[in-house]
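Work through the exercises below with the structure open. Each task is followed by a solution in steps.

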Amino acid sequence: MLASYFPVLIFILVGLIAGVAFLLLGSILGPKNHYHEKDTPFECGFEAFENARMKFDVRYYLVAILFILFDLEVAFMFPWAVVFKELGVYGFWSMMVFIVLLTVGFIYEWKKGALEWE
């Protein structure tokens with residue numbers, strides 16, 4: 001049984017060895033000319049103008065969490081779509097219940113104003 005995991009172990013080892021080798025080669029062979037403009041903080045094409053630890057509005061986190069939630073729920077639909085014919089009627093109605101719950105949650109968040117950005 002463990003023999004079936006041997007290709008996975010080889011794949012992991014090759015990946016680790018390649019990653020470490022590329023990091024070492026980059027640090028040994030890469031240029032090391034530092035200057036002021038290169039070492040200054042840079043973000044999105046602008047100079048840093050505030051403290052990096054400034055407080056964000058809670059709506060930013062709410063929208064981010066909602067995006068991850070709905071994105072993951074949609075990701076559950078891809079495996080279902082792949083085996084749709086094998087699942088039959090039970091699989092179809094199970095997904096319909098899932099989609100209805102997803103839609104009810106989306107409408108609830110919409111009505112509460114969680115998706116509004118003022």
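**Exercise 1.** Classify Trp110 by its accessibility, and then describe its ring pair with Phe106.

Solution. Step 1: Trp110 has a relative accessibility of 52% and counts as exposed. The classes are buried for under 20% relative accessible area, exposed for over 50% and partly exposed in between, with a 1.4 Å probe and protein chains only. Step 2: Phe106, with a relative accessible area of 35%, is partly exposed. Step 3: the ring centres of Phe106 and Trp110 are 5.7 Å apart and the planes meet at 50 degrees, so this pair is tilted. Rings of Phe, Tyr and Trp (its six-membered ring) pair if their centres lie within 6.5 Å; planes under 30 degrees apart are stacked, over 60 edge-to-face, and the rest tilted. Step 4: Phe106 and Trp110 are separated by about one helical turn because they sit 4 residues apart in helix α5 (residues 84-112). Helices (H or I, at least four residues) and strands (E, at least two) are DSSP runs numbered from the N terminus.

The model is predicted: local features need pLDDT of at least 70, side-chain atom pairs count only at pLDDT 80 or more, and totals for chains, interfaces and linings use all residues. Residues are numbered from 1 along each chain as its sequence is written, and side-chain values use heavy atoms, with hydrogens and water left out.

**Exercise 2.** How many aromatic pairs does the rule give, and what geometry do Trp80 and Phe84 have?

Solution. Step 1: the count is 6 aromatic pairs. Step 2: Trp80 and Phe84 are 5.1 Å centre to centre with 75 degrees between the planes, an edge-to-face pair. Step 3: Trp80 is buried at a relative accessible area of 18%, whereas Phe84, at 35%, is partly exposed. Step 4: Trp80 and Phe84 belong to one aromatic cluster with Phe92 and Trp93.

**Exercise 3.** Describe the surroundings of Glu73 and Glu109, and state which side chain of opposite charge is nearest to each.

Solution. Step 1: Glu73 is found in helix α3 (residues 58-75), and Glu109 lies in helix α5. Step 2: Glu73 is buried and has no salt bridge, the nearest side chain of opposite charge being Lys112 at 18 Å. Glu109 is also buried without a salt bridge, and its nearest opposite charge is Lys112 at 8.7 Å. A salt bridge needs a side-chain nitrogen of Lys or Arg within 4 Å of a carboxyl oxygen of Asp or Glu; Lys and Arg count as positive, Asp and Glu as negative, and His and the chain ends are not counted. Step 3: not counting residues up to four places away in sequence, Glu73 touches Phe98 and Leu102, and Glu109 touches Leu66, Ala114 and Leu115. Contact means heavy atoms within 4.5 Å. Step 4: Glu73 and Phe98 are 25 residues apart along the chain, with C-alpha atoms separated by 8.8 Å.

**Exercise 4.** Which residues does UniProt place in the feature "transmembrane region", and how much helix is in residues 60-81 and 87-108?

Solution. Step 1: the unreviewed UniProt entry gives residues 6-29, 60-81 and 87-108; such annotations may be inferred rather than shown by experiment. Step 2: residues 60-81 are 95% helix and 0% strand, with end C-alpha atoms 32 Å apart. Step 3: residues 87-108 are 100% helix and 0% strand, and their end C-alpha atoms lie 30 Å apart. Step 4: the chain as a whole has 5 helices and 2 strands, in the order α-α-β-β-α-α-α from the N terminus.
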